[in-house]
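Please consult the sequence and the structure shown below.

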Amino acid sequence: MTDAPSAADEVVDLVSRLIRFDTTNTGEPDTTVGEAECAHWVAEQLAEVGYQPEYVESGAPGRGNVIIRVPGADPTRGALLIHGHLDVVPAEPADWSVHPFSGAVEDGYVWGRGAVDMKNMIGMMIAVARHFRRTGVVPPRDLVFAFVADEEAGGRFGAQWLVEHRPDLFDGVTEAIGEVGGFSLSVQRRDGELRRLYLIETAEKGMRWMRLTARGRAGHGSMINQDNAVTAVAEAVARLGRHRFPLMLSEPVEQFLTAVGEETGHAFDPDSPDIEGTIAKLGPIAKLIGATLRDTVNPTMLTAGYKANVIPAVAEAVLDCRVLPGRQAAFEAEVDALIGPDVTREWITELAPYQTSFDGDLVDAMNAALLAVDPDARAVPYMLSGGTDAKAFDRLGGRCFGFIPLRLPPELDFAALFHGVDERVPVDALTFGTEVLEHFLRHC
């Protein structure tokens with residue numbers, strides 16, 4: 001069909017409409033909303049052009065997932081998984097310039113919760129899949145598109161459940177792309193011009209949420225109590241929160257810093273005592289990259305007591321731990337030494353780190369797709385300090401990459417938009433990304 005709209009023609013409207021579905025994931029099944037409604041809508045967009053999407057509720061009512069498989073020209077090749085999550089983190093409308101679920105298209109941006117994390121990619125996936133079907137494009141290999149629930153709470157009702165209970169949906173998958181990567185970072189070259197580096201995620205820190213529990217002697221708040229559970233857990237939390245774990249320079253971080261040095265003329269020295277100072281010069285992205293140099297522990301929740309004048313017998317804290325690949329045993333030993341003998345720990349969420357190399361035909365296809373739309377592009381690897389559904393799909397035994405191509409304005413603090421107020425994505429970045437994704441999937 002020669003008169004079929006291009007994928008880029010549809011993507012802005014698709015992303016705007018996706019944002020209008022309030023798919024807030026609170027982490028509690030009783031208050032998480034909207035995933036099923038949004039998933040059914042995604043399925044309708046795909047069925048409209050002739051696909052037969054499979055809708056799967058994963059372990060709980062309303063936790064909807066949608067999967068389609070696009071047959072490729074060579075069935076002997078491994079399939080490529082393209083995955084994205086439908087849920088978003090909560091947003092307080094009073095804090096925003098526009099309503100977070102309006103999907104407003106204003107001032108060259110699409111605004112709303114999920115615009116960056118990650119309904120931008122969902123819209124691109126739908127647009128490209130629809131365009132392929134309308135125009136009869138046959139990709140070089142099977143493509144599996146997965147639109148999943150619950151990523152923002154660890155994927156227990158989404159990717160994790162699907163990998164454990166419906167691995168048949170991913171038969172033959174050997175590689176995968178998803179968030180967080182493919183976005184541009186502008187650096188100043190030696191000649192004063194800007195060069196766009198596109199950060200491809202090849203590694204993630206492990207995510208472990210830890211509960212600390214202290215037990216003591218309950219009593220009256222007016223009495224001296226040397227066995228106070230609140231004191232014990234508070235001291236352990238303070239020690240962990242202030243602790244700096246050792247600096248560890250992993251391969252993707254070193255490769256990223258080397259590439260930046262080659263472009264800027266400031267050669268990267270892995271033996272420098274001030275690597276963090278070097279990273280600080282990168283601007284807003286420094287916070288994201290800097291978090292990949294060390295393991296981190298951040299206290300996030302405290303629970304104790306029920307009345308001002310009663311010393312409780314139990315006090316608890318929850319801490320968000322992010323662990324570099326290969327560091328788990330050493331990390332646990334350091335944590336145990338810091339919390340001391342009077343506090344116990346348990347892992348309430350355990351998602352392993354992963355890492356792959358920055359090479360191979362798929363990386364070549366990413367680079368070629370970027371160059372086809374942005375001749376000044378350079379793809380470089382990096383590590384993500386957070387977590388994505390790649391932690392689940394990595395268990396399929398293939399290689400996972402973060403690749404959502406976006407050409408961003410140099411002045412945009414992109415990292416701050418993840419889970420931030422006034423989350424938004426440039427319209428131009430969406431159309432650019434859709435063109436790159438289409439090229440990539442035609443040649444992957």
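With which residue does Arg378 form a salt bridge? The partner of Arg378 is Glu262, and their closest N and O atoms are 2.7 Å apart; a salt bridge is a side-chain nitrogen of Lys or Arg within 4 Å of a carboxyl oxygen of Asp or Glu. The model is predicted: local features need pLDDT of at least 70 and side-chain atom pairs count only at pLDDT 80 or more, while totals for chains, interfaces and linings use all residues. Residues are numbered from 1 along each chain as its sequence is written, and side-chain values use heavy atoms, with hydrogens and water left out.

**Domains and their interface**

- The chain is assigned domain 1 (7-186 + 354-442) and domain 2 (207-351), with bounds from an automatic or database domain assignment.
- The contact (heavy atoms within 4.5 Å) takes 18 residues from domain 1 and 20 residues from domain 2.
- The centres of the two domains, taken over C-alpha atoms, are separated by 30 Å.
- About 1800 Å² is buried between domain 1 and domain 2, and carbon and sulfur atoms give 71% of that area; buried area is the accessible area (1.4 Å probe) that two parts lose on being put together, summed over both.
- In domain 1, the residues that lose the most area to domain 2 are Arg378, Met383 and Ser385, together 31% of what that side buries.
- The rule finds 2 salt bridges across the interface of domain 1 and domain 2.

**Strands on the domain 1 side**

- β8, β16 (354-355) and β17 (377-384) each supply at least two residues of the side of domain 1 that touches domain 2; strands are DSSP runs (E, at least two residues) and helices are runs of H or I (at least four), numbered from the N terminus.
- The most residues on this side, 6, come from β17.

**Backbone geometry**

- The peptide bond from Asp117 to Met118 is cis, with omega near -10°, and Met118 is in the loop between β5 (109-111) and α3 (119-135).
- Another cis peptide bond joins Glu179 to Val180, also with omega near -10°; Val180 is in the loop between β7 (173-178) and β8 (183-188).
- His419, although not a glycine, has a positive phi of about 65°, and lies in the loop between β18 (399-402) and β19 (424-426).
- Asp422 is not a glycine either, yet has a positive phi of about 60°; its place is in the loop between β18 and β19.
- His419 is partly exposed at 43% relative accessible area, whereas Asp422 is buried at 14%; buried means under 20%, exposed over 50% and partly exposed in between (1.4 Å probe, protein chains only).
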